[in-house]
Amino acid sequence: MSDHNITLAEDAIERKTTTINLGPTHPATHGVFQNIMELDGERVVSSDQTVGYIHRAFEKLAERRPLYQITPITDRLNYCSSPINNMGWHLTCEKLLGVQTPKRVDYLRVIIMELARIADHLICNSIVGVDAGAFTGFLYVMQYRELIYEIYEEVCGSRLTTNIGRIGGFERNFTNTAFTKLEKFLKEYPVALGELESLLTRNRIFMERTIGGGPISAERALNYGFTGPNLRAAGVDYDVRVHSPYSSYQDFEFDIPVGKTGDNYDRFLVRNQEMWQSMRIIQQAYNKVQEFKGTDAEVYHADVPEYYLPKKEDVYTKMEALIWHFKIIMGEVDMPKGEVYQSVEGGNGELGFYMISDGGRTPFRLHFRRPCFIYYQAYPELVKDSMLSDAILTMSSLNLIAGELDA
Amino acid sequence: MSRPVRYNIHPIEANIADSVTYVDAPDGYGGDGFFTTKLSDVVGLARKNSLWPMPYATSCCGIEFMATAASHYDLSRFGAERMSHSPRQCDLLMVMGTIAKKMGPVLRQVYLQMAEPRWVIAVGACASSGGIFDTYSVLQGIDQVIPVDVYVPGCPPRPEAILDGFMKIQELVGQESIRRRNSDHYKALLNGYGIQ
Amino acid sequence: MAISNEYIQQKLTEKFGDQVFNFEDTYGMLCFEAPKDLNLKVLQYLYDEPSLGFQFLTDLCGVNFPENPNRELAVVYHLHNLVENTRLRFKVFTPVATPDVFTATQLFSSANWMERETYDFFGVNFVGHPNLKRILNVDEMDYFPLRKEYPLEDQTRIDKDDEMFGRG
């Protein structure tokens with residue numbers, strides 16, 4: 001200590017913090033989140049979150065609906081990767097009803113789910129780029145998300161909220177056009193992803209913006225109930241696809257990318273790497289689907305007439321099919337009593353379905369374990385002492401989906 | 001460490017004549033060096049081709065709007081290049097997604113902050129009518145709190161449908177009389193929503 | 001690899017005797033019950049005991065059983081041992097008149113919002129919770145919407161009369 005220090009009286013400098021309100025319609029929040037932040041200059045001292053701005057009472061709604069009518073609700077959970085939610089819901093029903101799906105159905109499901117994962121991660125990562133100031137990447141890769149949507153359209157007729165599949169399989173077989181589009185995607189997408197990576201991954205501006213922003217340790221992440229890419233970025237190799245394989249994920253070879261520090265950059269890298277792994281899985285699944293020959297190559301649903309909707313032509317022409325159609329749609333088919341928990345690896349973490357059935361026509365209680373609802377509560381801890389602009393980046397790199405968060 | 005650099009080695013010369021569209025002049029009487037028409041038409045022409053939308057995206061429809069605004073569908077072609085996220089500088093409020101009751105007052109606040117003339121488009125079933133969510137927490141259509149000009153059906157609507165809704169708005173904007181916002185009819189409409 | 005359900009049941013019975021009961025195997029997942037005063041002790045034991053190590057709270061939610069007198073509300077915990085990859089489900093029941101359950105926020109930070117959600121939906125009062133207020137619904141709401149006695153639809157709607165549905 002030198003002698004030149006000026007000694008100030010205790011209260012000589014007035015310290016003041018500013019309180020600002022971010023959201024619920026702030027352009028930088030990508031969804032309806034409200035954050036009331038206390039700032040010291042540009043640094044976040046504390047933040048308080050309000051959620052529920054798009055609460056739609058999914059769980060209450062599900063108590064009034066037969067199984068098939070719940071599928072459209074699950075679409076609207078994480079709408080960036082609806083097919084994963086649909087499949088997760090169908091897997092839950094299949095677990096409760098004891099339906100075994102054929103291998104070809106499993107592989108087709110895997111193709112669709114991994115496409116959905118790519119679409120989800122692609123939005124998240126390109127938006128991280130936008131928030132760091134690189135709008136070009138977003139505009140560029142959105143073209144390739146359209147390729148995924150075209151495949152969905154070919155399979156189920158719809159783009160975003162897909163309502164894809166049935167209990168026991170798919171509503172129709174994949175057409176040749178669908179496979180052609182899939183091949184086109186497999187060929188063109190790696191180039192685009194490579195370019196997105198070369199735009200951002202080693203870009204100095206991007207690195208300096210993201211490295212060290214919003215870090216979390218593995219212990220805290222686990223305690224906060226993180227799952228999915230955000231947990232893996234913190235260094236925990238937990239992946240539902242590997243730990244509790246569903247839909248024959250055990251037949252595929254892929255790696256789980258893990259990060260180290262759990263900061264924004266690691267989250268970005270993990271998602272990027274997962275997209276490459278998803279490409280690997282899709283390629284393997286596509287090869288496996290091609291191997292089916294003869295009648296096996298036509299299988300697209302399990303043989304469960306009690307739960308699988310009959311073909312539309314038959315409904316119009318055959319009495320029995322009409323009766324089944326009616327019974328299934330109106331929920332008049334008996335459901336076994338029981339409690340079942342099934343989880344799938346959703347776009348942003350472990351998406352769980354906890355269903356209690358009392359044997360009635362609708363679930364007695366259905367609870368969705370929504371990953372981002374659970375990990376968003378760590379946000380004040382993540383952004384404490386970081387810059388306000390980094391707090392925005394942290395929010396987008398967490399991949400928060402308002403519809404899923406508020407259910 | 002070297003890495004490959006990609007750049008465009010065969011640039012294509014842009015032909016401006018192909019990529020720029022001109023709007024037709026409004027009806028009027030013209031001759032050498034002069035043109036007369038109604039002021040309303042000129043103002044409408046200018047307004048409709050330079051709308052500043054404020055995307056009020058809450059859920060799924062917002063993702064389709066992202067697709068609409070991105071390169072593939074490109075909303076900018078309609079003169080809406082600049083998304084304004086600040087309500088005070090924009091003239092078109094695009095409400096996309098479910099509006100919960102908790103959100104209702106916020107939406108109304110945003111509408112009140114916009115300057116006249118302002119238009120509202122309700123994109124998707126939820127914003128138009130509450131959609132499939134007939135529940136205790138969801139506002140059954142935004143027209144319960146603010147007046148709406150165009151409804152776009154769909155859950156979510158395809159980008160083409162959103163573009164169609166946008167073109168309908170352009171039609172409305174182009175034909176609107178400049179006196180409409182001062183008319184008694186319009187004041188009565190706002191009063192119906194409790195807006196002075 | 002995975003811990004067997006029998007082993008978990010045996011360890012729990014050793015520690016808590018007949019205070020833990022209703023052991024069930026539901027689709028491969030062990031499910032059991034404890035009195036609501038013991039919920040923290042059971043969670044803590046499952047967390048600390050080295051051979052169990054259920055240190056990840058997957059899910060916490062409420063359920064309303066209006067037919068069960070004095071057991072109207074349930075709080076369901078889904079726990080996961082990530083190392084051994086074993087899951088279990090643990091329930092406590094509480095009467096709707098005194099819906100007080102101890103909070104698990106000291107053990108799991110993730111329980112914070114999930115308990116607030118359960119309070120918001122079912123009115124379970126988590127004793128010791130740092131910030132127990134509504135999370136998804138508006139603060140002014142004066143009932144707990146997911147309880148079975150409350151209707152799903154908005155009761156103030158006037159445009160949905162029977163006439164519109166051909167029943168008038």
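This is a predicted model: local features need pLDDT of at least 70, side-chain atom pairs count only at pLDDT 80 or more; totals for chains, interfaces and linings use all residues.
The largest nonpolar core comprises 203 residues. Its members with the most contacts to other members are A:L115 and A:F226 in chain A, B:Y56, B:L93 and B:I142 in chain B, and C:V42 and C:Y77 in chain C. Helix α4 of chain A, residues 103–131, contributes the largest share of this core, 15 residues. A separate core of 20 residues lies apart from the largest one and includes B:F78, B:A80, B:W119 and B:V150. In general, nonpolar side chains of soluble globular proteins tend to be buried together.

The surroundings of B:L93 were examined with residues up to four places away in sequence left out. On that basis B:L93 touches B:M54, B:Y56, B:L107, B:V110 and B:Y111, and also B:M114, B:W119, B:V120, B:I121 and B:I146. One of these neighbours, B:Y56, is itself listed among the residues that touch the most other members of the largest core.

The size of an interface is often expressed as the accessible area lost when the parts come together. For chain C and chain A, about 3600 Å² is buried, and carbon and sulfur atoms give 58% of this area. On the side of chain C, the residues that lose the most area to chain A are C:Y27, C:W113 and C:L152, which together account for 21% of what that side buries. The contact involves 45 residues of chain C and 39 residues of chain A.

Polar pairing across the interface of chain C and chain A comprises 22 residue pairs in polar contact, both residues being at pLDDT 80 or more. The side of chain C that touches chain A receives two or more residues from each of the strands β2 (29–34), β3 (56–64), β4 (73–81) and β5 (86–94) and from helix α3 (111–122) of chain C. The largest share of that side, 9 residues, comes from β3(C). By class, the side of chain C that touches chain A consists of 26 nonpolar, 11 polar and 8 charged residues. The rule finds 5 salt bridges across the interface of chain C and chain A. C:E117 and A:R370 form a salt bridge in which the closest N and O atoms are 2.7 Å apart.

Chain B also contacts chain A, with 31 residues from chain B and 35 residues from chain A. The two chains bury about 3000 Å² between them, and 65% of this area is on carbon and sulfur atoms. Of the area that chain B buries against chain A, 17% is supplied by B:I63, B:K102 and B:F133, more than by any other three residues.

Across the interface of chain B and chain A, 2 salt bridges are found. A:R159 and B:E64 meet through their side chains in a salt bridge with an N to O distance of 2.7 Å. Between chain B and chain A, 12 residue pairs are in polar contact, both residues being at pLDDT 80 or more. Helices α3 (60–69) and α4 (104–113) of chain B each supply at least two residues of the side that touches chain A. The greatest contribution to this side, 5 residues, is that of α3(B). The residues of the side of chain B that touches chain A fall into 18 nonpolar, 8 polar and 5 charged.

Over all chains, the structure holds 35 salt bridges. In chain A, A:R241 pairs with A:E114, with the closest N and O atoms 3.3 Å apart.

In chain C, a salt bridge joins C:E49 and C:K11, with 3.3 Å between the closest N and O atoms. C:E49 lies in the loop between α2 (39–48) and β3 of chain C, whereas C:K11 lies in helix α1 (residues 5–16), 38 residues apart. C:E49 has a relative accessible area of 18% and is therefore buried; C:K11, with 14%, is also buried. Salt bridges with shared partners join A:E114, A:R117, A:R232, A:D239, A:R241, A:E274 and A:E345 into one network.

In chain B, B:R158 and B:E160 form a salt bridge, the closest N and O atoms being 3.2 Å apart. B:R158 counts as partly exposed because its relative accessibility is 32%, and B:E160 is partly exposed at 39%.

Note on methods: Residues are numbered from 1 along each chain as its sequence is written. Chains are lettered from A and ligands numbered from 1 in the order in which they are written. Side-chain values use heavy atoms; hydrogens and water are left out. A nonpolar core is a set of buried Ala, Val, Leu, Ile, Met, Phe, Trp, Tyr and Cys residues joined through side-chain atoms within 4.5 Å. Buried means under 20% relative accessible area, exposed over 50%, partly exposed in between (1.4 Å probe, protein chains only). Helices (H or I, at least four residues) and strands (E, at least two) are DSSP runs, numbered from the N terminus. Contact means heavy atoms within 4.5 Å. Buried area is the accessible area (1.4 Å probe) that two parts lose on being put together, summed over both. A salt bridge is a side-chain nitrogen of Lys or Arg within 4 Å of a carboxyl oxygen of Asp or Glu. A polar contact is a pair of N or O atoms within 3.5 Å; within protein, one must be able to donate a hydrogen and the other to accept it, and residues adjacent in sequence count only if both atoms are side-chain atoms. Ala, Val, Leu, Ile, Met, Phe, Trp, Tyr, Cys and Pro count as nonpolar, Asp, Glu, Lys and Arg as charged, and the others, Gly among them, as polar.
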